[in-house]
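Me: I'm new to reading structures and would like to know where the words come from. Could we go through this one together?

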Amino acid sequence: MRAHARWSKFCYSLGGVLGFLFLTATSARADGIAFQLVTSTLTAASGGTVTFDGTVTNNTGGDLNATDFFFNFFAFDPTSLNPIQDLGVVTDFLIPNGSTTVDVSLFDVVVGSVSPGSTFTLEVQLEDVNLDASATQTVTIAVPGTQSVPEPPTELFLLTGFLPLALWKLRRA
Amino acid sequence: MLHTCRLARKRLAIACLWLAAFTAKSSLGQTITLQSGTPEVSGGNGSFTLFLPILNAGTATAGSVAVTSATLSGVAASGSLPLQLSDILAGKVSFANLRFNSGALVTGNKYLLTIRGTYTLGGTAFGFAINRFILLGALDIFQKPANPITVTPMLDSSHSVQTPISAVNGGTITATGADGSVFTLTIPPNALLSDELITMTPIASIGNIPLSGGFAAGVELQPQGLRFFLPATLTITSPTTAPAGQQWGFSYGASGADFHIYPLNLTAAITMNILHFTGFGWGMAPSLGSTLEAVIALKAEQRLEQQIAQLTEQERARQLDPNNQPPSDNPQYLENIATLLQQAYRDAVQPLLDAAVGDSTFLEKAAETALAWEKTLELEGLAGQEPFKSEIAATKSALVQLTITFYNNSFARCLAPDGVPLVESAIMFGVWKQLLLLGQDSLLPNFKTQLAACAAGQLLLTFDSTMMDVGEVVGKFDFNSHVLAQDLPMRFDTTKLEYTGDGLLSYPSFTGMFHWPPPSFDCGSRFIPGPGTIAVTGVIDLNVNFLAIPQPSDVRVLVTVVPTISDLIIASVAGPDSPCFSLPLSSDNYMVDYGILHYNGQGSNGILPYAVFVNTPTPFGINGFGVSGGVLVEQTTVTLANPM
C-alpha cells in the first residue's frame, strides 16, 4: 500500500505541475485584445459547418475596426477541419478602445467527411493590425454518433500504458 | 474491500496514463503559434504581389511548414503551391511571397487574405490557417512624393581633422569637438575603391533641427558624396546624455539638405553604420514629432534609412531597458524590417534597375540603392534567407551586367573623335575596380589593353608652393621659400593604374632672417636656393560618383608630391667688438619642412596627398611646427590641367 501511495502521490504531483505549466502557457500573454466565445464546444455533423459566436474586446489604446482583427488557427487536423474567419468579412464596424462588441459571428469551421463520434480540437488566436495577439483558446467540435473502434495509435498507447500496471501486478503476485 | 482497493488502483492508473498521454501530445507545454506580420503589397490593375512574414510565436519549432493554399477573399494565388517554408524556429520568421492575378481585385479595396498550410510537431502533422485583411494599392514609403527638409549646420572648422585612408587597409579617423565629444570613424579594408583623403569636421550647432530636445553631437564627413562598399562605423562619445528612447540618429546631405533620422546601432554607445557621406550625428526628443514624421526623403536610400531608424529606435530602447535584461526576443522587429526591405526591393531597387537598362543615367542611383538595401539585409541577418537570398543574387547579376554595358559604352566613347579620354578612363577604371571588389573582374579580360588604348588622357601638373618658417626664437632664423613646377606632364601608367610624372622643380625665391642676440647683428647672411626635382603620382578618386562623371573637372585626383630640392643658408654674424664671421648653417630647408608637414606616416604611401579636381586650381594651406619650435605655414596651389 505504501508503494501505491507513493505512486499516486507522484501522479497527482505530476498532474499539478503539468497542469500549472499548461495553464500558465496559455494565459501568460497580457494582451490589449481578447475574444470571448459564447461556447468553446459545438457539435457538427460530418460534412457540416459550425459557427463560433462571441465578442471581441479592444484595450489597445486606440480605436480599431473589425477588419483590423485577424483570427489565426493552428494545431488542428487539416484533413478534417477548415476554419474560416467571419469577423469583418460581411460588415466592417468600429470597435472603440476600451469596448467589447456584442456577440457576433467570429469564425466558422467546416468539418470534412469524418467518422461519427469523432472529436476535433483547434487552437484559435486573435491578432490585430498592430501585431497585438490575444491569448490562445482551444475550441472543440464534436461529431455525433458512436465511435466503434479506437484509432490504432490510441489503442497502442493505452496498451503501452497498461504494461507497467500489469508488471506491477505480476511482481506483487 | 480488497476488490474496492484494486478497482481504485486501476482507476488511478488509468487517470495517470491519461495524464501522461495528454502531456505527451502537447510535448510538455511546447506550443506552435503561427501569426502573420505586416505584409508588403505591390502591384495594381488586377495583378498584386504579397510578401507576408509568418511568425512562429510559440515555444517549439514548427517543422516542415508548407503553405498549401492562399486566397484573397476567394481569389486563389497563382503560381505553384504548396510553398515550402521549411522549419520555423520558435520566435523566428519566414516569408511567403505570393502573386494574385485577377480582374476581381481592385486597387483601394480591402480583401481577406487567408493562408492555409501544414506543419509538424513531434512527428505529427497539423494544419494552420492565418488571416489578415489587406488594403490593395496603398502607397508605401518608396512610392510617395518627397517631402524633404533642410537644416543649417554650423561647423567647427578649428577642430577639423584630415587623414588619408588606404583602400586596401582601411583605417580610423578621430576628431574631438569643442565640447569634448569624440568622433571616431572606422573604415574596414576594401570598403573604398581607391585611397581617400577624409576630412572630419565637428558640427557646432544645427539651425532648424526638428528634434524637440535639440542637437547633441555630430560631424560632417568629406568628400561630399563618398560611398563605401562595406559599412564604416561612426562612434560618438559626447558629454550630452539622454535616455535610450530619446536618442535619435540623423543624417543630411550637402549644406544640410534632405535631413532625416538615421538608424543607431542596437548598442548602448552611440554608433551608426555609414555607407555614404555627409553629415551624421544625434539629437534628443521624447518622440519623433510631427515634422519628422511627415518627412519623406528625396532618395529611396534615405527613405530606407529613415524607416529603419524608426524601427530600430523602438527596438534599441527595448533592448537597453534595464528592466528587460537580458533582452527578450522580439521577432516582430525583424518582421517589420523584412517587410520594409521587401518594399524597398519591389518599389525602389527593382524599378531603378529596370530603368537603368534603358537609361544608364539611372545606373548610379540604382547601384547606390541596391547597395544600401543589400547591406541592410546583411546587417539585419536576413541576407541568407529567402526570398532575399535570390533577390540579392538577381540584383548583383543585373548590376554586373549593367556596369559591363556601361564600361563598353564608355570605351566606345573614348575612342570616338569627340571622346574625352580622362573622363572615360576614370569610368572604365571605376567599373573595373568595382568588379574587382565583387570578384568579377575576369568579366573584363581586356581591361588594361583597353585602358591603354583609351590613353587615359594626359594631365599637366603645376605645383606652386610656398613654405614659411616663422616665429623662431633668438639664435634661430625665419625663412620663406618658393618652389615651382609648371606644366609637368603626367601620364597614366596602365600597370600601376595611376598617373605618374617627374621633372624639374625650380626655386624662384628663398629669403630669410636671423634673430641674433643683441648686441650681435647680421652681417650679410645668405639664403641660397638650389636645383631640384619633383616626382608626382596621381590616383583617380573612384569613391565619389565615378558612374556620373560628365566632364574632366569632375574627375578628382589624389596627388602625392615628392620634392627633392636643395638650398643652403650661410649665417654671417658680427658683434660690436668682433668682425663678421660666416659659416654654412642649414641646408635643404624647404624639403625638410615639407617632410614634416606631409610625411606623417599615414596613408598607403605615408604621404599626405592633395585632393584636386582636374582643371581646377586648388589652394591648400597646411600648418605645423618646425623642429626648433617655429610655425610652419605651407601655401600651395596645385593644378591638374587636362589639355583637350
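Reply: Let's begin with one pair: Arg227(B) has His276(B) as its bridge partner in β19(B). Keep in mind that this is a predicted model.

Me: OK, what makes β16(B) and β19(B) a pair of strands?

Reply: Two strands pair if there are at least two bridges between them. Strand β16 (residues 227–237) of chain B and β19(B) share six bridges, in the antiparallel sense, so they qualify as a pair.

Me: And why are β12 and β19 of chain B said to stand at the edges?

Reply: The open sheet has four strands in the order β12-β13-β16-β19 (chain B), with antiparallel pairing. β12 (171–176) and β19 (270–276) of chain B each have a single partner strand, so one side of each has no neighbour in the sheet. From one strand to the next, the twist averages 20 degrees.

Me: What holds paired strands of a sheet together?

Reply: Strands in a sheet pair through backbone hydrogen bonds, parallel or antiparallel.

Me: Which side chains of β12(B) are buried?

Reply: They alternate along the strand. Gly171(B), Ile173(B) and Ala175(B) point to one face and are buried.

Me: Now for a helix. How do you know that the span of α5(B) agrees with what it should be?

Reply: At 1.5 Å a residue, its 17 residues should span 24 Å. The end C-alpha atoms are 24 Å apart, so the two values agree. After α5(B) comes Gly381(B), whose phi is positive, near 75 degrees.

Me: Why is α5(B) called largely enclosed?

Reply: Count the buried residues: 12 of the 17 are buried, so the rest of the structure largely encloses this helix. Among them are Leu363(B), Trp373(B) and Leu377(B), and also Glu368(B) and Glu374(B).

Me: What covers those buried residues of α5(B)?

Reply: The cover includes β16, β19, α3 (300–320), α4 and α6 (388–415) of chain B. Helix α5 (residues 363–379) of chain B lies across β16 and β19 of chain B, at about 145 degrees to β19(B).

Me: Which residues touch the most other members of the largest nonpolar core?

Reply: Those are Ala344(B) and Val557(B), in a core of 188 residues. Helix α4 (residues 331–358) of chain B gives the largest share, 11 residues. Another core, of five residues, lies apart from it and includes Phe477(B) and Phe510(B).

Me: What is Val557(B) in contact with, leaving aside neighbours within four places in sequence?

Reply: Its contacts include Tyr499(B), Ile540(B), Val612(B) and Leu640(B). Being in contact means C-beta atoms within 7 Å, so each of these residues meets that cut-off with Val557(B).

Me: And how many helices and strands does chain A have?

Reply: Chain A has two helices and 11 strands. Of its 173 residues, 25% count as buried.

Technical notes:
Residues numbered from 1 in each chain as written. Chains lettered and ligands numbered in written order. Predicted model: local features only at pLDDT ≥ 70, side-chain atom pairs only at ≥ 80, totals over all residues. Core = buried A, V, L, I, M, F, W, Y, C linked by C-beta atoms within 7 Å. Buried ≥ 20, exposed ≤ 12 C-beta atoms within 10 Å, placed from the backbone. Contact = placed C-beta atoms within 7 Å. Axes fitted to C-alpha atoms, helices over the stretch in contact; angles between N-to-C directions. Expected span 1.5 Å × (residues − 1).
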